[in-house]
Amino acid sequence: MAHGMGRPESENASLGELAKGLTQDASTLVRQEIELAKVELRGKARTAAPGVAMLGAAGVVALALLGSLTAGLILLVGLVLPAWAAALVVTGFWGVVAGGLAVVGRSRLRAAGPPVPERTVESLKEDVEVAKEAARPQPADGRPASGSNRSGS
């Protein structure tokens, strides 16, 4: 589009032409923003992939460590109690730890609120309002037809 992103060249363009141009411009902008986000995320993923793999390996090693710790605790408690009782005591201990972690984790998730990007949603709502305002027909004197004065807010 050599004449400027779909905008009509004429000063006396009809409202339909203006709306069509605005729709085309908005569509192009959205496509460009999505493509930019894809490129940015691909770059971040390439950088983060080795770190994610190492964290996964660390998790596997931590599980092995936890198994060794559990066996050691059972052997230690087994000095005082029969082996079966020692295993039950250590299992109960890990159950209490897991329950405590679950309660604290759940309360933190509730405190964080819903997983909605609230500032982004609010910004998008404002963008829609600005686009609607721009698409409204303007009187001959150039003032907004709605009578709203945005400079006071």
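A residue counts as buried when its relative accessible area is under 20%, taken with a 1.4 Å probe. By that criterion, in this predicted model, G21, D25 and T28 are buried in helix α1, while over the whole chain of 153 residues 6% count as buried. The chain exposes about 12500 Å², of which carbon and sulfur atoms supply 67%.

The secondary structure consists of 3 helices and 0 strands, giving the pattern α-α-α when read along the sequence. Among contacts between residues at least 6 apart in sequence, 18% join residues at least 24 apart.

Helix α1, which spans residues 15-77, bends by about 40 degrees at A48, and the proline P50 follows within four residues.

How do α1 and α2 cross, and at what angle? The axes of α1 and of helix α2, residues 83-112, come within 8 Å and cross at roughly 130 degrees. The crossing in which α1 passes α2 is right-handed.

|---|---|
| α1 | L66, L69, T70, L73, I74, V77 |
| α2 | A83, A86, A87, V89, V90, W94 |

Notes:
Residues numbered from 1 in each chain as written. Predicted model: local features only at pLDDT ≥ 70, side-chain atom pairs only at ≥ 80, totals over all residues. Heavy atoms only, no water. Helix = DSSP H or I, 4+ residues; strand = E, 2+ residues; numbered from the N terminus. Buried < 20%, exposed > 50% of the residue type's maximum accessible area, 1.4 Å probe, protein only. Contact = heavy atoms within 4.5 Å. Areas by Shrake-Rupley, 256 points an atom, 1.4 Å probe, with all protein chains shown as cover. Bend = angle between axes of the 7 residues up to and from the residue. Axes fitted to C-alpha atoms, helices over the stretch in contact; angles between N-to-C directions. Left-handed = near helix turned anticlockwise from the far one by under 90°.
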